[in-house]
Amino acid sequence: TRTIAMYFRHTFIAAICAAAIAATVPGCSPANNNRTTASGTPFEAAMDSVFSFFGEEDAPGAIIIVTQGDDVVYSRSYGTADLTTGSAVSDSTLFNLSSTTKSVSTAALMKLCEEGQITLDDRLSDYFPEFPADIFSKITVRDVLSHTSGLPDLRPRTAEEWDKYTRTNQSIFCKREDYRLYSTDKEHVQIFRDLTTSDYEPGTQFQRNDPSYLLVAPLVERVTGQPYFMWITKNLFEPAGVSEFCYPTAERPLKNAAHGYRRAEGPASRAYRSPDGKWEEYDYGEVDFFLSKSERSMFCTPRDYIKWSRALNTGKIINDSSLCLMYTPVVDSIRPNVAYGLGTALHIEEGYPLKAYHMNSNGGYTAVTATWPGTDISYLILSNRNDWDYRGSCAQVDSIIRANDYLSRDARTL
C-alpha cells in the first residue's frame, strides 16, 4: 500500500486543481430513461456484460450511468423499483444514496469554511459544549470529515446497551427495537453524552464506521441558525440546479421512490415479501439507524445526482481550493491503494488519475459514485437490491473505462 507521504512526492494534486479551475459546466444532459437496449458499441457491450445479472424478471434492479463532461456515454436501467406496484427503475426513480450522502455533508461544511463561519481546525467542543470537553476539544472538523475522530458508536443495539442508555438519556421510544428502526439524528447524537474515552487519538487512524458524521447536520444548524435541509437547499442544491434530493420521514413517505430489497430467507417477517417469495423489503422500518441525515439517509434521482456531481466538480457549489482539499489524501484506509480525503475515498494507482468515490450499501440499497477529477469521467450505480458484488462489478467498470481510453494519460497521471 502506498503511503500518503509517498503520494505527496508527486505533483498530481496540483495538476488536478489546475484542471478543476479550468473546467466549466453549461448543464448536464439528462440520462436515458429507456430500459436495457441492444449494445451499440464495444464499450456498451462490455458494460452490459458486467450487469447482465440485473436482467432477472420481476426483481429489484439498478441504473448505471457513465458521463463524460456534459454527455451521457452509457445509460442502462434494469428491474423494478417497487415490487408492490411493478413500477420500473428509471432515471427519475428516487434511490437512497447510502454513504454518498457524505458528498452533500462535506460540501456543506466546506461551504461554511469558505464563508468564514467555521474552519477545518475548529474543535467540536466549540459547537457541542454539552458533550465531554476532554474528548471533543481534541477533535477537529477535519477529523470528522476524514473519519479520524476516534469517536466510538455507542448507539444501543443490545438489551444491555439499551438499559444503560435509558438510565442516562431521555428517549421518546419505549422499546429498543423502535429506537433502532425509527430514531433520528436528534436522538442519535445523545450517545456522545455518555463518552468516557475515544477509540484512539483523533487524527491518527482511519475508522470507516466512525459515527462523527452524525454531528454534521446539527453543527450546520447551530452555526447557521437554520434547519439543515433548508440551508443545504438554498446554499448547495439551488446553485447546483437540482431539486430532487430529499429525506424520508414517518409522516411523509417519498413518492416515486424505489424500495430497498434483500433476498428472502427463512420464515416471513413483518416486512413485505414478494408474491414469488424471493424478495423482502429492507429499508426504512427494517434497517437499524436508517434515518441519519448527514451520514446515509439522503435520497435522490439518478438524473439529479449527475447534475450535482458535475456542479460539485466544476466549482458551482464550492470553490476550487475547497475541492482540492476534499481530494487531497488525509489518511490511508485499510484497503490497498486507497486513502481517504475529506468526505470521500481516494483510489491512488501508479500511471492513472486519482479516483474519488463512494461505495456502500444501506439496507437493501447499494450506491456507487465515482469520478476522476480533471478527466470529466464519472459514473454512478444506484441499486435497490443488496445481493450483488458491487466491489467486483466496479473493478470491472474501471477496467472497461481504462481500456476504452476514457482516462487520458497526460500530466494528470502519477
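**Notes on the predicted model**

1. Strands β13, residues 355-362, and β14, residues 365-372, are paired in the antiparallel sense, with seven bridges between them. Within this pair, Met359 has Val368 of β14 standing opposite. The coordinates are those of a predicted model, and every point below should be read with that in mind.

2. The pair belongs to an open sheet of eight strands, in which the pairing is antiparallel and the order is β2-β1-β15-β14-β13-β12-β11-β10. The edges of this sheet are formed by β2, residues 71-78, and by β10, residues 331-332, each of which pairs on one side only.

3. Helix α3, residues 42-50, lies across β1 (62-68) and β2, and its direction is at about 30° to that of β2. Helix α12, residues 302-312, also packs on the sheet, where it touches β1, β14 and β15 (377-383), and its direction makes about 150° with that of β15.

4. How do α3 and α14 pack, and at what angle? The axes of α3 and helix α14 (residues 390-403) are 10 Å apart, and the angle at which the two helices pack is about 170°, which means that α3 is roughly antiparallel to α14. On the α3 side the contact is made by Phe43, Ala46, Met47 and Val50, which meet Ser393, Gln396, Val397, Ile400 and Ile401 in α14. By residue class, this contact of α3 with α14 consists of seven nonpolar and two polar residues, with no charged residue.

5. The volume of the largest pocket is about 850 Å³. Helices α9 (185-188) and α10 (216-224) each contribute at least two residues to the lining, and α10 gives the most, with four residues. Sorted by class, the lining of the largest pocket has 15 nonpolar, seven polar and ten charged residues.

6. The structure holds one cavity of 30 Å³ or more, and the largest cavity contains about 50 Å³ of space. Its lining is made by His347, Glu349, Tyr352, Pro353, Lys355, Trp372, Asp398 and Arg402, and these lining residues divide into four charged, three nonpolar and one polar. For orientation, Lys355 and Trp372 of this lining fall at the ends of the residue ranges given for β13 and β14.

7. Most residues other than glycine have a negative phi. Asn256, in the loop between β6 and β7 (261-263), has a positive phi, near 60°, although the residue is not glycine. Asp405, placed in the segment after α14, likewise has a phi near 60°, again a positive value in a residue other than glycine.

Conventions. Residues are numbered from 1 along each chain as its sequence is written. This is a predicted model: local features need pLDDT of at least 70, side-chain atom pairs count only at pLDDT 80 or more; totals for chains, interfaces and linings use all residues. Side-chain values use heavy atoms; hydrogens and water are left out. On a 1 Å grid over the protein atoms alone, a cavity is a set of points where a 1.4 Å probe fits but cannot get out, and a pocket is an open set with protein on both sides within 12 Å along at least five of seven lines; lining residues have an atom within 4 Å of a point. Grid points are joined across faces, edges and corners, and a volume is the space filled by probe spheres set on the points. Ala, Val, Leu, Ile, Met, Phe, Trp, Tyr, Cys and Pro count as nonpolar, Asp, Glu, Lys and Arg as charged, and the others, Gly among them, as polar. Two strands pair if DSSP finds at least two bridges between them. Contact means heavy atoms within 4.5 Å. Axes are lines fitted to C-alpha atoms, for helices over the stretch in contact, and angles run from 0 to 180 degrees between N-to-C directions. Angles under 35 degrees count as roughly parallel, over 145 as roughly antiparallel, 65 to 115 as roughly perpendicular and the rest as oblique.
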